[in-house]
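I opened this notebook to record what I looked up in a structure that was new to me. The entries follow the order in which I worked.

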Amino acid sequence: MKTIFKAAALVLAPMTAMALTSVPAAAQSKTGIAVVDLQRAVATSAAYSAARTQIQTTYKAQIDSFTARKNAIDADLKAKGTALEVAMKAAGGKPTPAIQTQYEAYQKAGQEGQAELQRMGQPIALANAYVEEQISAKLSDALKSAMNKAKVDLILSPDATVSYQPTVDITDSVVTELNTLVPSVGITPPAGWQPGRQGQAAAPAAAPANPSQQPTSR
């Protein structure tokens with residue numbers, strides 16, 4: 001979701017520039033400034049919530065397998081890491097050929113585990129990305145509509161502010177507009193679909209740490 005919002009955040013740049021260049025200085029005031037969390041707007045939209053429920057049902061078997069395998073890999077890496085620490089202490093903190101071999105085995109297990117989880121989580125990650133992209137496609141329109149109704153001239157992201165009163169946050173208004181523009185979305189990407197490159201062969205998507213979790217700001 002982070003990649004999608006790098007693109008979605010570009011919506012703010014032209015609007016900000018337009019507001020600063022076209023609105024007379026005398027007309028600019030704190031009542032014309034608002035804050036919007038784009039990621040939260042998408043993640044709390046009705047279409048997203050419904051799609052997440054569908055994904056958790058449709059892909060339940062894959063999610064359960066992913067979670068079980070991740071737990072097993074984590075436990076194995078933890079055991080290998082503990083054994084490596086014990087060996088290092090026994091050697092007085094001095095590297096030895098045996099410890100080097102043990103360390104390389106630990107690294108290899110971690111890399112192989114990550115690659116395996118990425119493959120297992122690909123269908124779920126693609127479904128999530130497809131849902132997010134469908135909603136994000138209407139994000140610009142929803143933002144413009146919310147700005148017009150709130151008579152806002154300038155939009156800032158929460159990260160671009162030091163402090164602000166809750167009353168200037170119009171994220172919920174954007175969510176309302178999104179719910180109207182995108183009441184529902186599909187969860188099954190078309191053949192060959194991948195984020196941002198529709199119609200081309202799908203490339204492996206990064207698997208989330210836990211496919212059943214909702215995305216968080218990063």
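**Entry 1: overall make-up.** I note at the outset that the model is predicted. I counted the elements and found eight helices and two strands. Reading from the N terminus, I wrote their order as α-α-β-α-α-α-α-α-β-α. I then looked up burial: 33% of the 218 residues count as buried. For contacts with a separation of 6 or more, I recorded that 86% join residues 24 or more positions apart.

**Entry 2: H4 and H6.** I turned to helix H4, residues 46-58, and its packing on H6. The two axes are 10 Å apart, and the angle is about 165 degrees. From H4, the contact is made by Ala47, Tyr48, Ala51, Arg52 and Ile55. H6 contributes Ile124, Ala127, Asn128, Val131, Glu132 and Ile135. I sorted the residues of this contact into eight nonpolar, one polar and two charged.

**Entry 3: H7 and H8.** Next I examined helix H7, residues 139-150, with helix H8, residues 171-181. Their axes come within 8 Å and cross at roughly 130 degrees. H7 and H8 are therefore oblique to each other. I noted a right-handed crossing for H7 and H8. On the H7 side, I listed Leu139, Asp141, Ala142, Leu143, Ser145, Ala146 and Lys149. On the H8 side, the contact is made by Ser173, Val174, Glu177, Leu178 and Leu181. The residues of this contact divide into seven nonpolar, two polar and three charged.

**Entry 4: the aromatic pair.** How many aromatic pairs does the structure hold? I found one. The pair consists of Tyr130 and Trp193, with ring centres 5.1 Å apart. Their planes stand at 70 degrees, so I recorded the pair as edge-to-face. I then asked where Tyr130 and Trp193 lie. Tyr130 belongs to helix H6, residues 97-136, whereas Trp193 is in the segment after H8. The pair therefore ties together parts that are 63 residues apart in sequence.

**Entry 5: burial of the pair.** Are Tyr130 and Trp193 buried or exposed? Buried means under 20% relative accessible area. Tyr130, at 15% relative accessibility, therefore counts as buried. Trp193 has 2% relative accessibility and so counts as buried.

Conventions. Residues numbered from 1 in each chain as written. Predicted model: local features only at pLDDT ≥ 70, side-chain atom pairs only at ≥ 80, totals over all residues. Heavy atoms only, no water. Axes fitted to C-alpha atoms, helices over the stretch in contact; angles between N-to-C directions. Helix = DSSP H or I, 4+ residues; strand = E, 2+ residues; numbered from the N terminus. Parallel < 35°, antiparallel > 145°, perpendicular 65-115°, else oblique. Left-handed = near helix turned anticlockwise from the far one by under 90°. Contact = heavy atoms within 4.5 Å. Nonpolar A, V, L, I, M, F, W, Y, C, P; charged D, E, K, R; others polar. Phe/Tyr/Trp six-rings, centres within 6.5 Å; stacked < 30°, edge-to-face > 60°. Buried < 20%, exposed > 50% of the residue type's maximum accessible area, 1.4 Å probe, protein only.
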